[in-house]
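Hello,

Here is the structure we talked about handing over.

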Amino acid sequence: MKRALCYLTAIIFTFLSICPYPRPVQAKPKKAAEFDESQLYARAAVLMDADSGRVLVQKDAGRPMPMASTTKIMTCILTLEHAQTEDLVDVSAYAAKMPEVKLHIMEGERYKLIDLLHSLMLESHNDAAVAIAEHVGGSVEGFAQMMNEKAKSIGCMDTYFITPNGLDASEQVTEPDGTTGTKVHSTTARDLAAIMSYCITKSPKKDEFLKITRTQSHTFQNYEQANDGSATPGGRSFTCVNHNAFLHMMDGALSGKTGFTGNAGYCYVGALKSKGRTFVIALLACGWPNNKTYKWKDARKLFTYGMEHYEQKDITNYDYTPNPVPVENGAGKDRLLKTKMQLPLTVEQHEQKLLLSDADSVQVRAELPKLLQAPVKKGAKVGSLNYYINGELAAQMPVRAARNIEKRSLRWYFMLVLSRYFYPYF
């Protein structure tokens, strides 16, 4: 009996060892793999966290290149910030003769600025862009100067605007040192993404910008000037339809602008919002005819990668008390002639959420002086707490003095002498 039982047990174990059986499978969170930039069609590209301006993915992001009609996002936001949308715009002969793509406005006609902005952003009309520029800047050259000043003010130092519509252009420029050279209408993928981020998150006219760029269609008419100088409705009417197809390709698509010229190729700048995160992409030289759909494929890849791998996290979510800093020539209340006093510090800490992946590392370093000179006022900034992501500075928190330290005065020295020699127990 025992022998038979042993045989039976051996048979059961052998059967179990050779026959498959179901095992519980645990789902693992997707780890952030480094994005393979070679899978992009665009020659230059960026995926950016619109709220912080941090670049999450880049491909040749700092290379200046023509950007075609993506230029018009700057034309639009600059106009919204410097003019009234109900203004009437007079069409010049120069604006009317712009090449296709165009609204076919005529010299001497008048249009409301808000209508031309829809023409600019929905259909990418080149004649509307010039009419807008002449109205706001006095001339195309004047408006281009405003565009370049605005670009620099938001940190886009590798961008140079010549036209308000993005048509290929170059010009001779004299530098401050007296040298001359040729500059091309161009930007970088990083700068273009930063301009779009500004348009949708930081500009005081961001809501108006989004409303225009998300409009599906817009119908309007021209105006004529009556003998008494008033404007009356003209006899022409127009309907503009939004050509940003990406608005319907992915959930959360927020805004965008396409572009194409012979030098620039197909370009695109766009934004997408998902679960409180706002991503911006910029694509330059993303194919030439017949590769019109390459930009949509690249857009999907970048936005999908961002949504799958990045979450908002507070990088300042921990307690930190910096060590005191010595202060020289401080007037201590203990009347002791110490050469240095210790100044306690506080950190002006506030929530700082950034998009992080599980592959990102956060480092924190305090940047404080080795020595301060009295007087020091309570609340004065004496340094900063710096937060780095993968070695790049991402945020700073002020470090401030926790109390006052007065400078030694003649009265302080007089009281010191009294306490030392006349009033030992002073």
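Val327 has its bridge partner in β14: Met341. Keep in mind that this is a predicted model. The strands behind that pair are β13, residues 325–328, and β14; they run antiparallel and share 4 bridges.

How many strands make up the open sheet around them, and in what order? There are 3, ordered β14-β13-β18, and the pairing is mixed.

Now to β19. This strand covers residues 381–389. Is it mostly covered or mostly open? Mostly covered: 8 of its 9 residues are buried.

β19 has pairings with β17 and with β20. Take β17 to begin with, residues 362–367: its pairing with β19 is antiparallel, over 6 bridges. Within that pairing, Val364 of the model has Tyr387 in β19 as its bridge partner.

Then β20, residues 392–401. Its pairing with β19 is also antiparallel, with 8 bridges. Lys381 has Arg400 in β20 as its bridge partner.

What do β19 and β20 form together? A hairpin, with 2 residues between the strands. Asn390 sits in the turn and has a positive phi of about 55°.

One is the Val327 and Met341 bridge pair. The other is Asn390 in the hairpin turn.

Best wishes

Terms used:
Residues numbered from 1 in each chain as written. Predicted model: local features only at pLDDT ≥ 70, side-chain atom pairs only at ≥ 80, totals over all residues. Heavy atoms only, no water. Buried < 20%, exposed > 50% of the residue type's maximum accessible area, 1.4 Å probe, protein only. Pairing = 2+ DSSP bridges.
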